[in-house]
Amino acid sequence: MIYLDNAATTRPSQGALARAQTYLTDCFYNPSALYHGGAEAHRLLRTARASLLSHIADPAAYDLIFTSCGTEADAQAVFGAARRGNAVTTAGEHAAVHESFRELKNRGVEPRFAPVLRDGSVDEEALLAMVDDKTSLVSVIHVSNETGAVNDIAALARRVKQKNPRTVFHSDGVQAFGKLPFRLSRDIDLYTVSAHKIGALKGTGALLKRKAYTALPPFVYGGGQENGMRSGTENVFGIACFYYAAEEKFACLKEDGARLAGYRELLWELLGHDLYTRISPADGSPYILTVSAAGKRGETLQRMLWDRGVAVGTGSACNSKKPHSRVLEACGYPTAVLDGVLRVSFSPATSEEDVRAAAAAMNDAARSFGG
Amino acid sequence: MEKVVIVRYAEIHLKGKNRGYFERVFCVNLEKALKGMKHELRRTSGRYLIAAFEESDAEEILSRVSRVFGVHSYSLGYRVPNDLDHIFEAARAVCPTDGTFKVETHRADKRYPMTSLELSAAIGARLLESSPALRVDVHAPQHTVYLDIREEGTALVFGSFEEGAGGMPVGTSSKGLLLISGGIDSPVAGYMMAKRGMEVEYLHFHSYPYTNEQAKDKVVELARILSRYAGGEWLSTVKVTHIQEEIHKKCAPELNVTLLRRFMFRIAERVAKKKGAKCLITGESLGQVASQTMEGITSSNAVVTLPVLRPLIGFDKEEIIVRAKKIGTFDTSVLPYEDCCTVFLPEFPAIKPKLSFIEEEEGKLDVEGLVEEALASCERISIH
């Protein structure tokens, strides 16, 4: 199976699993336990936290709160920061942020959704126009999980703060962390990352928080783990995998990015342009190429491709119960295009042969659609 | 004091000389329903007693009994020796301590020293004495305590009658093959036939890769829910993708569904014969969709000789939904996966297709070859 649905989840790194193994079998202790074994587990958490932070932020300026997934980190950010007035986000968010914003309305906060451009990135001017002196939170996805479009969150955060310095700025960086080279600027208060998109395990995520932003409340209460910000016994093994997998990814981030950008363009070149239209922008994430076989059904093509040995995504795996992608609808595509969306997403393990085989299978599937 | 479930059966008493057969099947079905739970099933005159079960299983036993066809009503109560003290003890256990009540006695044992009225009065008086907040109301009581004096020196004491599923024991009315899609109607159709004692086998058509595996899993789940009433161990699935593609390529688009249904009926008849089923069962309701017109029904019936039973033919969608909710299939049915019929849908399906036109269009296809090919794809999936 040629696995090209890495934006949905990734195959866990064998290296990371092997290194983390000891925290599953030997050092299985509760990190809060006050004997040697507990201290050892706790030490791992500290090392992992520092290492994960250091890849994208100044560890002196940011904290990292381990959570059970990216969705939980997003929820903590949205519900913790948007407690009055209004909150602004984009029409291109992942469901984790989008649905949390919709829920804000029930909690007395007015959600505002800024439109997106054709490629899925936010219309910056429209977003800024929505920010006013009552805006408590702005949340902008870093890399669109549906199109790979990259939002310039550093610039956006700066402009938001210029307009209202009290507004908290959050970004969902699940598709960016371990894939794009960047550092968090000090205007970004909260940033969500997830482990299973970079070769670690499902069930592990984190929320990065600027230390100077102290008003964020806990989301899960209990034994006071994570400095009281996220109670619950820590997923030591999952966190260890996250730590080691991130080390692997960041060791060759730029090289991988350059190579995969090449594959993304190669795939697009090899696809029949009478069969597929391109949705992903040229300057987007090297890891995602979203196309549409207009007039055909992406979901059917997806199964035809699976039978041909290639796994790809449709709009978004989290969204597969709804007929069309909400985000791509917001981008303004007609129904026929929305029907036929396929999202091809790479990992550093992807090879040129994979890409060529996938292109051939995609052309073949689209041609034989309908018998 | 022994806790028991009293099970009364429905139409079996009407069955004259066949009564023994009906009772045997009923008993087997009850046993099947209670499989895996500690219990004893005892037959007494005109009713069954389930006894010797774990106290904590009582709820589940009641729920399982409620799904057995042929059950007229059932009650959770006590079986005690028929002296006053024991009867009172049981009556106190089933009667709340406040509100209005009455005691109703039925004597199967006419040799019992007290009349029904005397016994009711005696137990009623004792209940009043022990629970001062109780009041008697013989016309519209909030609670009724039922005393049933049996012949073997015992009495059954219970507080309510629960309505059973009714109908006839499954297996007493032959076997039918249910064409089950993922929709709301077909499970209800299967339920209706099982209620009349028919054993149900399940057949599902899919169009992979145009339909997905989740849709198939959903049908397995529907069959599993239905099998709690209707029995059955397996779901047969047949892939009709190639048939749909051929129809799509070669025939008039407005006949897509009509032609596909004729193929499905042909295939179903062969599957039915192999399984010993004597009829096909579908969830069609007259006029509900384009293929369920009289002309549509005529065109599909024309290709089979087995009778096709359509128990929902005169039902409105709303009535079907009410039943589906009661059976417990509704929530699964409405999960949003596409079933066979929604792929390759023509924009304007023919509502009143002429048989001659249908046959002319069908003539463009290798009917026998396609049926054989589809049958070769037949898979059997365990629904348990």
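# A walk through the two chains

Let's start in a loop of chain A: A:E226 turns up between strand 8 (205-210) and helix 8 of that chain. Helices and strands here are DSSP runs, numbered from the N terminus: H or I over at least four residues makes a helix, E over at least two makes a strand. You're looking at a predicted model, in which local features need pLDDT of at least 70 and side-chain atom pairs count only at pLDDT 80 or more, while totals for chains, interfaces and linings use all residues. Residues are numbered from 1 along each chain as its sequence is written, and chains are lettered from A, with ligands numbered from 1, in the order in which they are written.

Back to A:E226. It isn't a glycine, yet its phi is positive, at about 55°. Most residues other than glycine have a negative phi, and most peptide bonds are trans. Is A:E226 buried or exposed? With 21 C-beta neighbours inside 10 Å, A:E226 counts as buried. The rule is a count of other C-beta atoms within 10 Å of a residue's own: 20 or more is buried, 12 or fewer is exposed, and anything in between is partly exposed, with C-beta atoms placed from the backbone.

Now zoom out to chain A. You'll find 13 helices and 12 strands in it. Its radius of gyration is 21 Å, close to the 21 Å that the globule rule gives for 371 residues, so chain A is as compact as a globular protein of that length. That radius is taken over C-alpha atoms, and the globule rule is 2.2 Å times the number of residues to the power 0.38. Along its principal axes, the C-alpha trace of chain A spans about 65 × 50 × 35 Å. Of its 371 residues, 52% count as buried. If you take the contacts in chain A between residues at least 6 apart in sequence, 72% of them join residues at least 24 apart. Two residues are in contact when their C-beta atoms, placed from the backbone, lie within 7 Å.

How far can you trust chain A? Its mean pLDDT (the predictor's confidence in each residue, from 0 to 100) is 96, and 98% of its residues reach 70 or more. Watch residues 316-320 of chain A, though: pLDDT stays under 50 there, and the model gives that stretch nine contacts beyond four places in sequence.

Next, follow helix 8 of chain A (residues 236-251), which packs against helix 3 (residues 36-56) at an angle of about 35°, their axes 9 Å apart. Those axes are lines fitted to C-alpha atoms, for helices over the stretch in contact, and angles run from 0 to 180 degrees between N-to-C directions. On the helix 3 side of chain A, the residues involved include A:A41, A:L44, A:L45 and A:A48; on the helix 8 side they include A:I239, A:F242, A:Y243 and A:F250. By class, this contact has 12 nonpolar, two polar and one charged residues. Here Ala, Val, Leu, Ile, Met, Phe, Trp, Tyr, Cys and Pro count as nonpolar, Asp, Glu, Lys and Arg as charged, and the others, Gly among them, as polar.

One more stop in this chain is A:A360, which belongs to helix 13 (residues 352-368) of chain A. A:A360 has 14 other C-beta atoms within 10 Å and is partly exposed.

Crossing over to the partner, nine residues of chain B are in contact with eight residues of chain A. The chain B side of that meeting divides into four nonpolar, two polar and three charged residues.

Chain B itself has 13 helices and 15 strands. Its radius of gyration is 26 Å, whereas a compact globule of 384 residues would have one near 21 Å. The C-alpha trace of chain B spans about 85 × 40 × 35 Å along its principal axes, and buried residues make up 42% of the 384.

The peptide bond from B:Y208 to B:P209 is cis, with omega near 5°, and B:P209 is in the loop between strand 11 (199-206) and helix 6 (213-230) of chain B. B:S174, in the loop between strand 9 (162-163) and strand 10 (175-179) of chain B, has a positive phi near 65°. Finally, B:E379 lies in strand 15 (residues 379-382) of chain B; its C-alpha atom and that of B:L235, 144 residues apart along the chain, are separated by 8.1 Å.
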